[in-house]
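Have a look and tell me how they read to you.

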Amino acid sequence: TVYGRGFRFVGDVILESVAPPEPEPPRPKASGPSVAVLPFADLSPERDQGYFCDGIAEELINTLTRLEELRVVSRNVAFDFRNDEDVRTLGGTLGVDHILRGSVRKAEERLRISVHLVDVNSGHHVWSERYDRTVGDVFMLQEEIAENTARVLLGVLSDRNRKAMKSTPVRLDAYEFYLKGRTYQALHTVAALQSAIGMFEIAIEFDTRYAPAYAGLADVLADLYTETHERDLLRRADAASLRAVELAPDLAEAHVCRGSALAAAEKYDDASIEFELALSINPRSLDAHLRYAAVLLAEGNRDEARKMLAAAAEMQPQDRRASERLAAI
């Protein structure tokens with residue numbers, strides 16, 4: 001997909017640019033309560049649960065991002081840092097006042113998750129907890145951790161906030177393959193995207209009503225189509241995105257994937273409608289902002305694309321993608 005003259009993207013990755021990037025300036029500090037969720041450390045006996053640990057951290061990011069009062073660093077930025085780095089240094093680097101870090105030990109059916117919410121100014125823990133549960137409790141645990149984090153940072157939670165953080169029930173085996181798909185998807189290479197397709201399809205085989213797996217599949221298929229122009233990929237992206245919206249019309253990610261599939265097919269008016277729907281559900285969806293801006297550029301609507309990217313840059317000052325694309329148009 002071409003986003004303005006001289007820049008080319010697959011998903012959210014710049015493949016080539018007109019000029020080399022300039023040295024990165026310090027990241028501005030976000031206003032209001034802010035937090036970065038780092039990838040969780042894998043303490044499992046075989047150290048083979050990295051995808052599961054990253055998945056839990058990413059789900060927490062996605063859940064907390066739905067709260068308009070809270071500034072949450074995107075996965076794209078937070079996952080460049082690991083759990084053992086100094087929190088005070090990280091706070092300045094990421095422009096946040098809190099860091100959420102944790103670890104996961106998964107052994108057969110047992111699951112131990114430890115989490116620590118740290119004030120970066122003092123270096124002190126403001127909240128910490130250890131959970132010993134079964135693996136099947138992971139969805140309830142993610143919701144509980146997100147709620148506790150939000151309550152510490154925001155105070156009393158509104159009914160709207162509690163509703164926004166509710167998780168979607170899913171079979172555990174489907175969820176594990178979904179997480180593996182997300183791990184491959186984040187690598188952004190053609191080979192990794194092809195592997196992601198297989199993981200999402202297995203997740204769907206385990207749970208044919210799991211909308212996030214259809215959304216992930218549609219996004220990957222649409223991104224691969226922009227690389228290969230294989231028509232079958234576009235057809236499959238269309239079908240998967242339709243199914244995602246059918247299963248979860250109130251899920252912002254479903255409308256983002258539908259918009260991506262329509263944009264790949266150059267149906268820009270219809271794609272715009274889907275991105276508007278996604279933003280009405282989750283106004284803080286960075287993915288919706290970035291992909292919608294790409295559609296606006298493709299339509300030649302540079303002013304509106306700039307506004308969309310400027311809004312994304314203000315919302316996520318730590319994530320350079322929006323500001324870099326804004327500077328390129």
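**Notes on two helix pairs**

1. Helix α12 (residues 286-298) packs against helix α13 (residues 302-315) at an angle of about 165 degrees, their axes 8 Å apart. Axes here are lines fitted to C-alpha atoms, for helices over the stretch in contact, with angles running from 0 to 180 degrees between N-to-C directions. Helices are DSSP runs (H or I, at least four residues), numbered from the N terminus. The model is predicted: local features need pLDDT of at least 70, side-chain atom pairs count only at pLDDT 80 or more, and totals for chains, interfaces and linings use all residues. Residues are numbered from 1 along each chain as its sequence is written, and side-chain values use heavy atoms, with hydrogens and water left out.

2. So α12 and α13 are roughly antiparallel to each other (angles over 145 degrees). Their crossing is left-handed, meaning the near helix is turned anticlockwise from the far one by less than a right angle. On the α12 side the contact (heavy atoms within 4.5 Å) includes L286, H289 and Y292, and on the α13 side R302, E304 and M315. By class, this contact has 12 nonpolar, one polar and two charged residues; Ala, Val, Leu, Ile, Met, Phe, Trp, Tyr, Cys and Pro count as nonpolar, Asp, Glu, Lys and Arg as charged, and the others, Gly among them, as polar.

3. Now the other pair: helix α6 (residues 172-187) and helix α7 (residues 190-206) cross at roughly 165 degrees, and their axes come within 8 Å. α6 and α7 are therefore roughly antiparallel to each other, and their crossing is left-handed.

4. Who touches whom there? Among the contact residues are D173, F177, G181 and R182 of α6, and S195, M199, F200 and F206 of α7. The class count for α6 with α7 is 13 nonpolar, three polar and three charged residues.

Terms used
Parallel < 35°, antiparallel > 145°, perpendicular 65-115°, else oblique.
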